[in-house]
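Work through the exercises below with the coordinates open. Try each task before reading its solution.

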Amino acid sequence: MKIFSVGQVNNYIKNIISQDYMLKSITIRGEVSNCKYHSMGHIYFSLKDETGSLPAVMFKSNVASGLNFTMKEGQSVVVSGSIGVYERDGKYQLYANKITMDGAGKLFEEFERLKNKLNEEGLFDFEHKKPIPKYPRRVGIVTAKTGAAIQDIINIAKRRNPYVQLILYPAKVQGEGAAITIVNGIKALDNLGVDTIIVGRGGGSIEDLWAFNEEIVARAIYEAKTPIISGTGHEVDITLADYAADLRAPTPSAACELALPDVMSTINQLETYKRSLRNNIINKYNIAKYQYDKFYSKISMLSPERKLENQNQYLSELYDRIKRAMDNEIISVKHKLELYTVKINSLSPTAKLVNGFGYIESNNSAVNSVDDIKTGDDISIRIKDGIIDAKVSSVSKESI
């Protein structure tokens, strides 16, 4: 008789279960029991009903994408995953990759059906998406008039751009009749001519968000002329409204940030552009002025007017030089004349006519000897201050 080890048996059972097609992908409904959140991020729990219990685990890697609520004891849930064997304990368990509240399973199937249908019709095509206006003046909002979503949108709008007009269409966003009020809100704001429409609400279960998965809502978004931003639920929630919208935001607050520009950032950017433009203008002006001054200087040097001015200046300088030379020459001549005058005066006979001396002329000739005159001749005696006319009465000669 062949004897097997415990590990061999567990491994054999594991291989059998892993090869079962149905157990590879299975969805189970049950009530949560013994739920524990491990410090490593894993979730250990059991699914039970009136007939039995099934141990289960959801590893941390699947929690973020497969679970959008906090699991608690007694909750009725639908779990999708696979059945496997944990060899160490020799027990089989459910390895969960997606957990939804009971009732959401059928809704998820309906969601997938509608998504495929509308996608085939082209409602989600990127080519149909309208660009979001960068600087809107009026933004329409389709959401509940009370609640965190509208308050968050108002607060963000005040902070980012208080000059934009917000127009709220108070819609029912959950429960019976919610979808038709959302459609009416989209059509009313579209006809009003706002620049952008925000459609959305806060987070919740798939049942809470189902109004935004209705076909009429997706078609209303697709048919609207106004660009629409959808911000429904939390970041992990995706609705048909998100697919049909021109832009999807993870939350209503994020939708508001995408719809409204940050005015202060824009103003600061404009101030930066203004300073840059001013500096560029100043630099270009300085360069142009330098070039102008340089060319003007060259042209001025070559202009006939400048040459005439230079010639006039040169003539003025020559005139001044000639005048100075002539003045100096005149002064020199005057000085020489004065010297010659002094010399001539010193040689002049009249200069010696002092102390009783005189100069005697007869018939305009100097009388140098008594032999030059005779009695009865007319003579002229020139003294220092005048001329005396006389007649010779007698002439006597003395020996020298």
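**Exercise 1. Find out how the charge of Lys129 is placed: is the residue buried or exposed, and which side chain of opposite charge is nearest?**

Solution. 
- Step 1: Know the source. This is a predicted model, where local features need pLDDT of at least 70, side-chain atom pairs count only at pLDDT 80 or more, and totals for chains, interfaces and linings use all residues. Residues are numbered from 1 along each chain as its sequence is written, and side-chain values use heavy atoms, with hydrogens and water left out.
- Step 2: Locate the residue. Lys129 sits in the loop between α4 (104-121) and β6 (138-143). Helices (H or I, at least four residues) and strands (E, at least two) are DSSP runs, numbered from the N terminus.
- Step 3: Check burial and charge. Lys129 is buried and has no salt bridge. Buried means under 20% relative accessible area, exposed over 50%, partly exposed in between (1.4 Å probe, protein chains only). A salt bridge needs a side-chain nitrogen of Lys or Arg within 4 Å of a carboxyl oxygen of Asp or Glu. The nearest side chain of opposite charge, Asp246, is 5.9 Å away.
- Step 4: Look for another partner. The Lys129 side chain reaches the backbone oxygen of Ala245 at 2.7 Å.
- Step 5: List contacts (heavy atoms within 4.5 Å). Leaving aside neighbours within four places in sequence, Lys129 touches Leu123, Phe124, Tyr243, Ala244, Ala245 and Asp246.

**Exercise 2. Determine which elements the salt bridge between Glu215 and Lys117 links.**

Solution. 
- Step 1: Take the distance. The side chains of Glu215 and Lys117 meet at 3.2 Å, N to O.
- Step 2: Glu215 is in helix α7 and Lys117 in helix α4, 98 residues apart.
- Step 3: Read accessibility. Glu215 counts as partly exposed because its relative accessibility is 21%. Lys117, at 32%, is also partly exposed.
- Step 4: Salt bridges that share partners join Lys117, Glu121, Glu215 and Arg219 into one network.

Methods
Lys, Arg positive; Asp, Glu negative; His and termini not counted. Polar contact = N/O pair within 3.5 Å; in protein donor to acceptor, adjacent residues only side chain to side chain.
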